[in-house]
Amino acid sequence: VEHYLNNIARQENLNAFLEVWPEEARAQAVAVDAKLAAGTAGKLAGMVIGLKDVLAYEGHALQSSSRILDGFKSLFTGTAVQRLLDEDAILIGRQNCDEFAMGASNESSYFGPARNALAPDRVPGGSSGGSAVAVQADMCLASIGSDTGGSVRQPAAFCGIVGFKPTYSRISRYGLVAYASSFDQIGTLTRSVEDAALLLEVMAGSDQFDSTVSQQPVPAYSQELTPALQYRIGYIQDCLVRPGLNPEIKAATEATLEQLRGQGHVVEAVEFPYLDFIVPTYYILTTAEASSNLSRYDGVKFGYRAPDVTDLESLYKKTRSQGFGPEVQRRIILGTFVLSASYYDAYYTKAQRVRRLIKEKTDELLRDYDFLVLPTTPTTAFKIGDEDRDTLSMYLADIFTVQASLAGVPAISVPNGLDSQGLPIGLQVLAGAFRESQLLAFAGSLK
Ligand code: GLN
């Protein structure tokens with residue numbers, strides 16, 4: 001605990017943590033020590049973990065890196081976080097992220113961007129940016145984040161660590177601030193695949209507080225990490241010839257595929273005809289869900305309330321105009337538009353249908369192949385505040401991560417070397433729904 005507290009204090013410039021809990025962490029450590037001595041310690045004894053600022057922990061501030069939740073403290077602990085505590089994890093603090101997890105750079109945080117430890121003028125990725133930097137810069141052993149369209153995988157790729165999103169519904173979302181409920185999953189940012197497996201094993205499983213969570217039994221993932229000798233691996237050729245894909249990332253991905261072939265795996269190009277539709281489908285559906293989920297922040301029940309209001313309408317308008325940042329406002333407007341009576345069928349209904357096609361095709365590929373392998377991101381970490389980047393190009397950069405989110409299947413990003421500037425490259429692997437054991441075993445063998 002002292003080691004991590006020192007590293008946090010020494011690297012405040014990286015803006016990874018919004019709040020640190022030194023006294024609580026020390027007290028937890030003492031309690032865990034006693035349990036270790038008595039032989040009663042849990043599976044995560046001594047594991048020092050940080051929480052993205054979207055996870056409810058009783059009595060602790062919870063803000064989703066937004067002004068609109070200023071002063072809000074959670075009244076309860078979410079299921080996943082409670083399960084970490086029950087297995088004697090030590091929670092060290094609350095981590096910076098994009099506002100309401102909307103973004104891919106951590107720049108939309110009300111608290112300013114987190115910084116990539118390898119190049120502090122560059123983003124760590126997002127939305128779980130602070131959580132990724134914290135692991136990258138040894139400020140905690142692991143972080144718990146959330147992934148709606150890539151938010152643990154993309155920052156993991158930018159920071160050179162492991163980012164893992166389980167199957168949709170594998171981990172209870174009770175106590176996770178909602179962005180787009182049919183996509184949101186809790187995920188992990190770790191140094192190793194073994195840690196990801198252990199954390200999944202602890203957090204996954206049925207829960208009376210989330211009616212959408214899977215009832216499937218939870219395997220002992222951490223005990224099932226032996227890879228098979230031969231896998232069937234597919235890769236989407238079109239992904240590798242996308243304009244905008246950094247040639248060094250392409251080369252690194254192709255080299256890995258070649259290496260896998262050399263190891264005796266079946267490696268084949270596959271067709272996926274919907275690549276151009278996945279980003280538009282994702283942004284129509286997630287903004288629609290977000291516009292509904294975020295209607296609860298009205299200045300009455302939670303956090304920030306604008307001063308000088310005259311009536312109920314001005315309370316809503318002023319609170320929401322002042323409380324939400326520009327990216328969140330943009331998405332609420334977009335989502336409200338696609339749900340509006342005259343456009344609902346043209347956008348929302350259409351996007352639901354396209355989602356179904358994408359899911360069916362992805363599921364089919366993942367029946368024919370054990371895994372799909374592709375880059376995690378089209379670029380490496382970019383500069384903070386870069387003028388050349390507009391909103392649309394940021395959305396389009398999610399091209400490789402949102403397929404797994406639309407399909408609800410598990411996906412992991414593992415480090416795949418560095419580019420010529422020394423910036424990390426990520427490799428992503430997708431598996432069929434609930435095939436986390438195989439996915440983690442294979443990912444662990446990619447060293
Ligand atoms: N970059 C994506 C978005 O902004 C993903 C975010 C996420 O997974 N929370 O929606």
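This is a predicted model: local features need pLDDT of at least 70, side-chain atom pairs count only at pLDDT 80 or more; totals for chains, interfaces and linings use all residues.

**Aromatic rings**

I started with burial: phenylalanine 100 and tyrosine 297 are both buried (under 20% relative accessible area, with a 1.4 Å probe and protein chains only). Residues are numbered from 1 along each chain as its sequence is written, and side-chain values use heavy atoms, leaving out hydrogens and water.

Next I looked up the ring pairs. Rings of Phe, Tyr and Trp (its six-membered ring) pair if their centres lie within 6.5 Å; planes under 30 degrees apart are stacked, over 60 edge-to-face, the rest tilted. I got 21 aromatic pairs by that rule. Phenylalanine 100 and tyrosine 297 make a tilted pair, 5.0 Å centre to centre with 45 degrees between the planes. Phenylalanine 100 is in the loop between strand 3 (90-95) and helix 4 (129-136), and tyrosine 297 in the loop between helix 9 (275-293) and helix 10 (312-323), so this pair ties together parts 197 residues apart in sequence. Helices (H or I, at least four residues) and strands (E, at least two) are DSSP runs numbered from the N terminus.

I also noted one aromatic cluster, formed by Phe72, Phe100, Tyr297, Phe302 and Phe324.

Last, charges over rings (NZ of Lys or CZ of Arg within 6 Å of the ring centre and within 35 degrees of the ring normal). I found arginine 355 with its charged end over the ring of phenylalanine 183, 4.0 Å from the centre. Phenylalanine 183 is buried. Arginine 232 lies over the face of tyrosine 369, 4.8 Å from the ring centre.

Technical notes: Buried means under 20% relative accessible area, exposed over 50%, partly exposed in between (1.4 Å probe, protein chains only).
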